[in-house]
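Have the model open alongside as you read.

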Amino acid sequence: MAHLITVSCSLNISSRSRSYSKPSNQCSIPSSTSISLPISKSPLKKLATKTNRSQKCRTIYATAVSMGQESGSQTGSISDKTPNEAPNRKKIMVIGGDGYCGWATSLHLSNKNYEVAVVDNLVRRQFDHQLGLDSLTPISSIHNRIRRWKSLTEKEIQRYVGDICDFEFLSEAFTSFKPDAVVHFGEQRSAPYSMIDRSRAVYTQHNNVIGTLNVLFAIKEFKEDCHLVKLGTMGEYGTPNIDIEEGYLTITHNGRTDTLPYPKQASSFYHLSKVHDSHNIAFTCKAWGIRATDLNQGVVYGVRTNETAMHEELYNRFDYDGVFGTALNRFCVQAAVGHPLTVYGKGGQTRGYLDIRDTVQCVELAIANPAQRGEFRVFNQFTEQFSVNELASLVTKAGQNLGLEVQTISVPNPRVEAEEHYYNAKHTKLVELGLKPHLLSDSLLDSLLNVAVQYKDRVDLKQIMPSVSWRKIGAKPKTIAA
């Protein structure tokens, strides 16, 4: 369900609209206000969990007003000043701001005194319901998260709940908030999810490619000087037998030399969607003068930042399952519950990794040092390289230091990938901008393992083993057994 949540609403009534009273548990709206619910054409409705077949997914089109604004204020506008607003504060729209990286980033930027708005359709929570999954750590609703943040810091985060594949919704959010920069996390980010079946593959590519294309058009139409900070992935490069450069490769061929985009070798329908995103962004930078930074991020681990640790209602999600869980987080949970660490195949798969505290730091650095108009720059966003076997060894040692008995097993690799390969990726540009990495240490592993032990009663052991096969994907919709 794609809709725009506000405190008060300026409503556009159309011939295809119906009027409904706003539920009081969704937002605070004067009781006399009615709202227009046009039928949404968002592709999200095809995957939505429906409790009543007669219900249709609907979108609320409304002009955004800052959460916490007095109901007596003029509707259809954001107040000129909020209690914590300083002159000329940079306005940052975080798309996907309810997700794993997006939520931590939203709080970090707000704490750094940026004016922040979260845009999210909350579909990541819906995926959990679809697949019978749950975060290891309990997570509060986006509404309670934002309320708690304001009560602790007196800093206000605006929220726009809706689908960026719906351009009317996105346009309304853009014209209302007028961002100086957009941080774009708002994509289906799991390779295994994209490989479950045809419908999830199609959803992933449609959601990711069309959503990003809509963001590009919104910048062009409504805020052409806005800086796009797009979260890409190191998985776009694959595992070539040469060094991986940061976005571009200078080559000499038949006596002529040129600098070209680094070749892409994506390994899932998810990674392919990110490759197409990169091409679309590069083209619009050249054609329209968009300014964009593509952060090709490695595998993120960890759960706590300074901000998310402030209160339990600010806790971030911690995925450990075979669909959304990343390697190090999964291994820590497996060690905590006494399940052998599940190494896929030979375990020589090597990737770049980074602490979630470095994710938020990298995004802040990109915002503070924006790309030039027409520039498409690429930063490789990771701090260290590890093979899967090396991660398993580190978790085994850390677990034993805590008195845990940790074993490792090799399981058939559900993916199509090289299990032993050369891997050397450059990652200097963010360090040059001032990144101070949090490298993987014994103390951090102890912290992750302690979180896993604290919440081990929430672990569903049936979700630990991989259940999605790259080779067995088919057109028939697949239900993952809960």
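In this predicted model, helix 1 (residues 100-111) packs against helix 9 (residues 356-368), with the two axes 9 Å apart and an angle of about 60° between them. That angle makes helix 1 oblique to helix 9, and the crossing is right-handed. On the helix 1 side, the contact is made by Tyr100, Cys101, Ala104, Thr105, His108 and Leu109. They meet Ile356, Thr359, Val360, Val363, Glu364 and Ile367 of helix 9. Sort the residues of this contact by class and you get eight nonpolar, three polar and one charged.

Helix 1 contributes Trp103, Leu107, Ser110 and Asn111, while helix 3 brings Ile142, Arg145, Ile146 and Trp149. This contact has five nonpolar, two polar and one charged residues. Helix 1 passes helix 3 in a right-handed crossing too.

Here are the two pairings in brief:

| Helix pair | Axis angle | Axis distance |
|---|---|---|
| Helix 1 and helix 9 | about 60° | 9 Å apart |

How many of the twelve residues of helix 1 are buried? Eleven are, so the helix is largely enclosed by the rest of the structure. The buried set includes Tyr100, Cys101, Ala104, Thr105, His108 and Leu109, the residues that meet helix 9. Trp103, Leu107 and Ser110 are buried as well, and these belong to the contact with helix 3. Gly102 and Ser106 are also on the buried list.

As for its length, helix 1 reaches 17 Å from its first C-alpha to its last, close to the 16 Å expected at 1.5 Å a residue. After the helix comes asparagine 113, whose phi is positive, near 75°.

Now zoom out to the whole protein chain. There are twelve helices and 16 strands, and buried residues make up 57% of the 482 residues. Of the contacts in the chain with a separation of 6 or more, 79% are between residues 24 or more positions apart.

Note on methods
Residues are numbered from 1 along each chain as its sequence is written. This is a predicted model: local features need pLDDT of at least 70, side-chain atom pairs count only at pLDDT 80 or more; totals for chains, interfaces and linings use all residues. Side-chain values use heavy atoms; hydrogens and water are left out. Axes are lines fitted to C-alpha atoms, for helices over the stretch in contact, and angles run from 0 to 180 degrees between N-to-C directions. Helices (H or I, at least four residues) and strands (E, at least two) are DSSP runs, numbered from the N terminus. Angles under 35 degrees count as roughly parallel, over 145 as roughly antiparallel, 65 to 115 as roughly perpendicular and the rest as oblique. A crossing is left-handed if the near helix is turned anticlockwise from the far one by less than a right angle, and right-handed if clockwise. Contact means heavy atoms within 4.5 Å. Ala, Val, Leu, Ile, Met, Phe, Trp, Tyr, Cys and Pro count as nonpolar, Asp, Glu, Lys and Arg as charged, and the others, Gly among them, as polar. The expected span of a helix is 1.5 Å times one less than its number of residues. Buried means under 20% relative accessible area, exposed over 50%, partly exposed in between (1.4 Å probe, protein chains only).
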